[in-house]
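Thanks for coming. I have one structure to show, and I will keep it short.

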Amino acid sequence: MIKLMFADDEELVRSGLRAMMSGASDIEIVGEASDGRSAVEVARRYHPDVALLDIKMRAPDDGIRALRAILALPDPPSVAMLTTFDIDEYVSLALRLGANGFLLKDIDPSALLRAIRDLAKGGAVLDPGVAARMVQSHRDEQRAAQPARKLLASLSEREREVVALIGQGLSNAEIGGRLHLSEATVKGYVSAVLSKIGAANRVQAALLAYRGGLLDQ
């Protein structure tokens, strides 16, 4: 029996997933969540084999942060990210952080069941519509690398450290612990960094860290 959990901030999506699983005798839904924090708690409590996470729940970085936290658990599940859009930068970031797959929410029910079974066996799944664009995305990222490195070079060493840790999905409190700074100080750094690099949110900062090579260090 495959133990499955899923997280999405829309009840309609969650009810749809429940309906899709109703005819699968080898899949048991052990928990569900409506935001990233709850998703981490569900994963910690029920030890699922497979987790499906909406990549953008209540905040742009909610699914990314939940992904990182779940994969840090002892014996983590195989995780596939769900989205309504094949957003290439989110694909790259999620896969870089350790996701085992990326699926569109309009996936055919039979294809979703196959994906869950593949994930439970340790496989990786990528929606065909997304896979075709990954090659082009890789080329785009290569072209974006030099501007990203130039932008990161304009930051102080401490600011680059903060961006790198944002890229790893750490919260302000976690960054503070890593750098021995107060959470308030980290919050100030994050605000300053987002302003300097022209990022609207932490996901965009994480993408800059990825493109600029900070996550390779």
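Predicted model: local features only at pLDDT ≥ 70, side-chain atom pairs only at ≥ 80, totals over all residues.

The largest nonpolar core has 50 residues. Leu 53 and Met 81 have the most contacts inside it. The element that gives the most to this core is helix 10, residues 202–211, with seven residues. Where does the core sit relative to the domains? Domain 1, 2–135, and domain 2, 140–212, both give residues to it, so the core lies between them. Apart from this core there is another, of 21 residues, which includes Leu 4, Val 50, Leu 112 and Leu 113.

Back to helix 10. Eight of its 10 residues are buried, so the helix is largely enclosed by the rest of the structure. Among the buried ones are Val 203, Leu 207, Leu 208 and Tyr 210, and Arg 202 is buried too. At the start of the helix, a side-chain oxygen of Asn 201 comes to within 3.0 Å of the backbone nitrogen of Gln 204. After the helix comes Gly 213, with a positive phi near 85 degrees.

Now the annotated residue. UniProt, in an unreviewed entry, places "modified residue: 4-aspartylphosphate" at Asp 54. That residue lies in strand 3, residues 50–54. Is Asp 54 buried or exposed? Asp 54 is buried, because its relative accessible area is 4%, and the cut-off for buried is under 20%. Leaving aside neighbours within four places in sequence, its contacts include Asp 8, Asp 9 and Lys 105.

Note on methods:
Residues numbered from 1 in each chain as written. Heavy atoms only, no water. Core = buried A, V, L, I, M, F, W, Y, C linked by side-chain atoms within 4.5 Å. Buried < 20%, exposed > 50% of the residue type's maximum accessible area, 1.4 Å probe, protein only. Helix = DSSP H or I, 4+ residues; strand = E, 2+ residues; numbered from the N terminus. Domains from an automatic or database assignment. UniProt positions renumbered as here; feature names shortened; annotations may be inferred. Contact = heavy atoms within 4.5 Å. Polar contact = N/O pair within 3.5 Å; in protein donor to acceptor, adjacent residues only side chain to side chain.
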